[in-house]
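Keep the sequence and the coordinates open while reading.

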Amino acid sequence: MGLTLQIIITVFALFALSRAFLRKRDGKSSISEFIFWAVIWLAVGVVVWLPKVLETFTDLIGVERPIDALIYGSILGILYLIFRLYIKLHEIEQEHTKLVREIAIGKRK
Amino acid sequence: MKSAYIVIAAYNEGNRISAVIRDLKKAGQRNIVVVDDCSRDNTFESAKKAGAIVLRHILNRGQGAALRTGIEYSLEKGADYIVTFDADGQHRTEDLNAMMAPVINGEVDITVGSRFLEKTEVPLARKILLKGSVFIIWLFYGIKMTDAHNGFRVLSRKAAEKIEITQDRMAHASEIIGEIKRKKLRYKEVPVVIRYSEETLRKGHGNIFQAFKVLWNMVMEKLMR
């Protein structure tokens, strides 16, 4: 990886990290959310400057190429996000139903 | 005197609902609650004209949601027993007494109708689906029923207060069975006759896509609990 690209990615990661910190400071996100993003962006920083780390990691979990590990990880991450979205949607639907129910019962009274 | 409330969830049943209400009245039922689930036809007017208490969902929320609306309303009105009954004329008022007796005399908390305990002629395709659901309910909740998706039930006040229906759509029927098990309610299946007609066969729990949708909802419910 070229030095320019390394610097650009690092600057971006630092910027993203600062945004996450500011959101936390202003009370717009929770501590767990901040930790999640902090870990992600710090990991990006480490991998950009020390790509060997990724290889050690992929060797450890028995995947041949780092890119494969990245793809497996992404798929898992996306599945998890879909599940979270499904739950959220279900909750919203239930609130929706509750509202419709209250209106129906309220009108009869 | 103890009061029984009949709860009917109705969606586009304008043609059939008034006959169902009339039958129930003839059978001596006074408190008939119809929940019109945002029908596009004249269900609301028909049910009202036939003399039912009609609640209206301003958006279509599904059969499970509509039943729960009717049950909550009945509980607020002080119902001692709640009967869930189909809007399309599939259920017979002749079976009411047999369904209600075990709950009224305190033998059980809830009765569920079963079309397989007596010889209702069930079309083969539907029979396969229903028996498949029976198996899945056993697998999911460990409760052995003979009929899985029968909308004819009688609940004591206690049972109605305890059972939580969170499935708005068709999966509520299996969910109720799951709730019987979870809340340790005493239950009994009572033989009832289902009147199938061309029209009723075309809708509802009948097709395989619906069945998979129900199964999917059951799996997700399990994961989220």
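B:Lys184 sits in the loop between H7 and S7 of chain B. The model is predicted. B:Lys184 is not a glycine, yet its phi is positive, about 55°. Is this residue buried or exposed? B:Lys184 counts as exposed, because its relative accessibility is 71%.

B:Lys184 follows helix H7(B). That helix, residues 172-182 of chain B, is mostly covered. Nine of its 11 residues are buried. They are B:His172, B:Ala173, B:Ser174, B:Glu175, B:Ile176, B:Ile177, B:Gly178, B:Glu179 and B:Ile180. The list of buried residues includes B:Glu175 and B:Glu179.

## Helix H4 and its buried face

Helix H4 of chain B spans residues 96-104. Its buried residues are B:Leu96, B:Met99, B:Met100, B:Pro102 and B:Val103. Seen down the axis of H4(B), they fall within an arc of 160°, so they line one face of the helix.

What covers the buried residues of H4(B)? The cover includes strand S1 (4-10), helix H1 (17-26) and strand S4 (81-86) of chain B. It also includes strands S5 (110-114), S6 (153-156) and S7 (187-191) of that chain. After H4(B) comes B:Gly106, with a positive phi near 80°.

B:Asn12 is in the loop between S1 and H1 of chain B. Its phi is near 50°, a positive value in a residue other than glycine. B:Asn12 counts as partly exposed, because its relative accessibility is 25%.

B:His91 lies in the loop between S4 and H4 of chain B. At 2% relative accessibility, B:His91 counts as buried. Which backbone atom does its side chain reach? The side chain of B:His91 comes to 3.1 Å from the backbone nitrogen of B:Asp86. Not counting residues up to four places away in sequence, B:His91 touches B:Phe85, B:Asp86, B:Asn150, B:Gly151, B:Phe152, B:Ile194 and B:Arg195. B:Gly113 is 22 residues away along the chain, and the two C-alpha atoms are separated by 9.4 Å.

B:Ser114 is in strand S5 of chain B. Its relative accessibility is 0%, so B:Ser114 counts as buried. A polar contact of 2.6 Å joins its side chain to that of B:Thr146. Beyond residues up to four places away in sequence, B:Ser114 touches B:Thr146, B:Asp147, B:Asn150, B:Glu189, B:Val190, B:Pro191 and B:Val192. B:Asn150 is therefore a contact of both B:His91 and B:Ser114.

## The interface with chain A

Chain B puts 22 residues in contact with 16 residues of chain A. The two chains bury about 1800 Å² between them, 62% of it on carbon and sulfur atoms. On the chain B side, B:Ile58, B:Arg61 and B:Met224 lose the most area to chain A. Together these residues account for 29% of what that side buries.

How many salt bridges are counted between chain B and chain A? The count is one. It joins the side chains of B:Arg61 and A:Glu93, at 3.9 Å from N to O. Strand S3 (53-56), helix H3 (63-76) and helix H9 (208-224) of chain B each supply at least two residues of the side that touches chain A. H3(B) gives the most, with six residues. By type, the residues of this side divide into 11 nonpolar, four polar and seven charged.

B:Asp168 lies in the loop between helix H6 (157-162) and H7 of chain B. It counts as buried, because its relative accessibility is 9%. Leaving aside neighbours within four places in sequence, B:Asp168 is in contact with A:Glu93 and A:Thr97 from chain A. From chain B, its contacts are B:Arg61, B:Gly62, B:Gln63, B:Gly64 and B:Ala65.

Notes: Residues numbered from 1 in each chain as written. Chains lettered and ligands numbered in written order. Predicted model: local features only at pLDDT ≥ 70, side-chain atom pairs only at ≥ 80, totals over all residues. Heavy atoms only, no water. Buried < 20%, exposed > 50% of the residue type's maximum accessible area, 1.4 Å probe, protein only. Helix = DSSP H or I, 4+ residues; strand = E, 2+ residues; numbered from the N terminus. Arc of directions from axis to C-beta. Contact = heavy atoms within 4.5 Å. Buried area = accessible area lost by both parts, 1.4 Å probe. Salt bridge = Lys/Arg side-chain N within 4 Å of Asp/Glu carboxyl O. Nonpolar A, V, L, I, M, F, W, Y, C, P; charged D, E, K, R; others polar. Polar contact = N/O pair within 3.5 Å; in protein donor to acceptor, adjacent residues only side chain to side chain.
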